[in-house]
Amino acid sequence: MSKSFYITTPIYYVNDIPHIGHAYTTIAADVMARFKRMSGYDVFFLTGTDEHGQKVAQAAAAKGVDPQKLTDGLSEKFRELLPVIGASNDDFIRTTQERHIKTVQAIFQKLLAQGDIYKGTYKGLYCVPCEAYVPESSAGEGRTCPDCGRPLIEMEEESYFLRTSAWADKLLAFYEANPNAIGPQQRYNEVVSFLRGGLKDQSISRTTVKWAIPVPGDERHTIYVWFDALINYLTACGYGTDQKKMDAFWPEVNHLVGKDIIRFHCIIWPIMLMMLGLTPPKQVFSHGWWTVEGEKMSKSKGNAVNPHEMIGRYGRDAFRYFLFRQMPFGLDGDFSEEALAKQINSDLANDLGNLLSRTVTMAVKYQEGVVAAPQKREALDEEVAALGAKTAEEYRSLMDGYGFEDALKALWSLISRANKYIDETMPWKLSGPENAERLNQVLYTLCEVLRLSALGVAPFMPESANRIWEQLGLAGSPESVGWESWKWGGVEEYRTHRGDALFPRIDMVQWAKDKAARDAAKLGPTDREPEISIDDFSKIELRVAQIVSVEPIQRAKKLYKLTIDLGFEKRVIASSIKEFYTPEQLTGRRIIVVANLKPAVMCGVESKGMLLAASVRTPDGKKETLSLLAPVEDIPLGTRVH
């Protein structure tokens with residue numbers, strides 16, 4: 001009897017185009033789906049889009065389009081991302097699909113009929129962006145949403161309620177009996193602590209939101225977007241329509257979600273399932289969030305990482321590898337394009353790519369590409385073989401627990417050991433007839449490491465794994481032969497042939513120049529200020545001035561105290577240009593200053609004005625240069641700049 005594994009991403013809310021966060025969760029689910037298929041499981045991998053709710057209706061109204069038209073376009077953006085990132089999903093669900101609407105309404109009616117849903121009146125604090133009521137006790141400072149930080153509003157409306165309060169103890173007992181049902185551990189602790197405080201019944205309908213699924217029999221109400229969205233996992237699994245599929249995959253369901261939606265998935269959702277007589281998910285695993293070079297991703301900063309762009313520049317496999325080698329799955333991580341480029345060079349080009357190239361080149365050069373299984377092994381060969389067996393066991397255990405980073409580390413320890421093994425055995429010195437047996441032993445050991453490496457990287461880098469497989473002359477693919485073939489000495493003969501470099505090295509000097517040029521090109525749209533009127537500009541008093549004297553300011557590394565002459569008066573300004581100019585270079589220079597800036601005290605010096613300058617970074621991004629703005633002609637001091 002085959003084993004079943006059902007894995008899902010959250011369905012992504014269609015309020016923007018996909019970014020690295022969406023790609024990350026989907027690729028994580030894909031890595032696990034591929035790993036489980038290789039482990040002999042019958043896998044069902046689901047992703048999709050969440051398309052109802054107030055935010056979508058407001059966005060559609062702002063654009064002057066029908067909500068369905070808006071969601072059709074945005075949902076397609078998420079669907080288009082899937083082949084780009086290499087997702088092997090089995091289904092893509094949309095909450096506006098008829099199959100889903102029918103399932104949601106059927107479940108609503110069932111729970112209403114059995115008393116788990118009832119009608120009442122709800123009054124409370126509501127977050128419009130999150131489309132969720134927030135208990136007073138959970139509100140942030142200034143009555144803000146604890147998740148998004150935006151202001152909450154007071155709302156009162158007739159509502160249908162889910163009787164969650166009656167199920168808190170049952171759900172707590174389930175988690176205490178199944179501590180692995182939530183991961184990582186800190187999220188388990190958070191949910192259990194919340195449950196021990198008791199639950200209030202959950203409002204699950206709205207009378208003010210029209211872009212939603214109508215409550216059957218009471219269409220003045222629409223179904224709350226989260227109640228609707230969570231049910232997608234049942235819709236796609238055949239609840240009420242395909243019992244054979246339900247029997248195969250439920251409750252072997254594993255949800256990957258961001259940490260911001262953990263309570264919906266670990267409290268409301270399992271209670272809904274228990275009300276339906278179903279077992280809660282086998283595991284809900286929460287991953288962290290990405291920052292970009294230390295800063296939170298945002299539209300205003302223009303720093304959101306576009307997966308299409310990164311994959312187009314560095315390749316799909318390299319991008320996938322970096323996401324899971326860069327940080328432990330479950331924690332927050334920081335994305336740096338420079339770190340990506342450097343890791344391609346170190347791990348993929350130097351370690352794995354170099355091992356493949358050296359091995360195949362020697363096999364072709366010394367043995368016409370044919371490497372047969374040896375009759376015996378020496379101590380050094382046994383050591384590498386033992387590490388291969390240990391790596392297999394460790395890797396599989398780590399992968400089962402979403403330990404992606406550590407699984408890759410374990411695999412790379414084997415790859416590094418093989419590169420060291422080449423230096424120890426020096427196959428190029430074994431090319432004579434008298435050393436033919438030993439040379440074959442060495443080359444076979446290296447081929448075996450590469451075969452096992454191809455199996456290990458296949459969930460993360462399927463294309464690269466196939467290329468390794470092909471250069472080793474093996475039939476099928478790593479994913480088709482699966483984990484049962486991870487046995488040392490499992491191949492009778494390799495028929496190797498050379499191919500293109502697995503991962504060409506990146507010239508980091510040229511890369512820095514190209515990156516600086518790209519960043520400079522982006523500055524146009526991303527550092528622009530809002531448009532102003534001529535009246536706004538006329539309020540800024542710009543004048544020609546001359547620097548009379550320059551003094552360093554004590555306790556200030558970057559500040560100079562500049563005495564300037566405006567023609568009609570002299571005044572002092574403090575300016576952070578110390579690292580760019582010496583006092584001698586500044587004294588006597590004419591500059592342009594903002595003359596009507598409110599005074600400010602900087603390190604004990606009252607500064608009355610600001611000079612103007614343009615700055616640019618060098619191509620490697622490490623050094624900034626400055627150019628002071630000044631009149632070209634000999635203009636009298638104090639002249640107004642218009």
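**Salt bridges and burial**

User: Why does Arg143 count as partly exposed?

Analyst: Arg143 has 35% relative accessibility. Buried means under 20% relative accessible area, exposed over 50%, and partly exposed in between (1.4 Å probe, protein chains only), so Arg143 is partly exposed. This is a predicted model, where local features need pLDDT of at least 70, side-chain atom pairs count only at pLDDT 80 or more, and totals for chains, interfaces and linings use all residues. Residues are numbered from 1 along each chain as its sequence is written, and side-chain values use heavy atoms, leaving out hydrogens and water.

User: What makes Arg143 and Glu136 a salt bridge?

Analyst: Their closest N and O atoms are 3.2 Å apart.

User: Which residue pairs with Lys36, and what does the pair tie together?

Analyst: Lys36 pairs with Asp400, with 2.7 Å between the closest N and O atoms. Lys36 sits in helix 1 (residues 20-38) and Asp400 in helix 14 (residues 379-400), so the bridge ties together parts 364 residues apart in sequence. Helices here are DSSP runs (H or I, at least four residues), numbered from the N terminus.

User: Is Lys36 buried or exposed?

Analyst: At 8% relative accessibility, Lys36 is buried, while Asp400, at 41%, is partly exposed.

User: How many salt bridges does the structure hold?

Analyst: There are 38.

Technical notes: Salt bridge = Lys/Arg side-chain N within 4 Å of Asp/Glu carboxyl O. Helix = DSSP H or I, 4+ residues; strand = E, 2+ residues; numbered from the N terminus.
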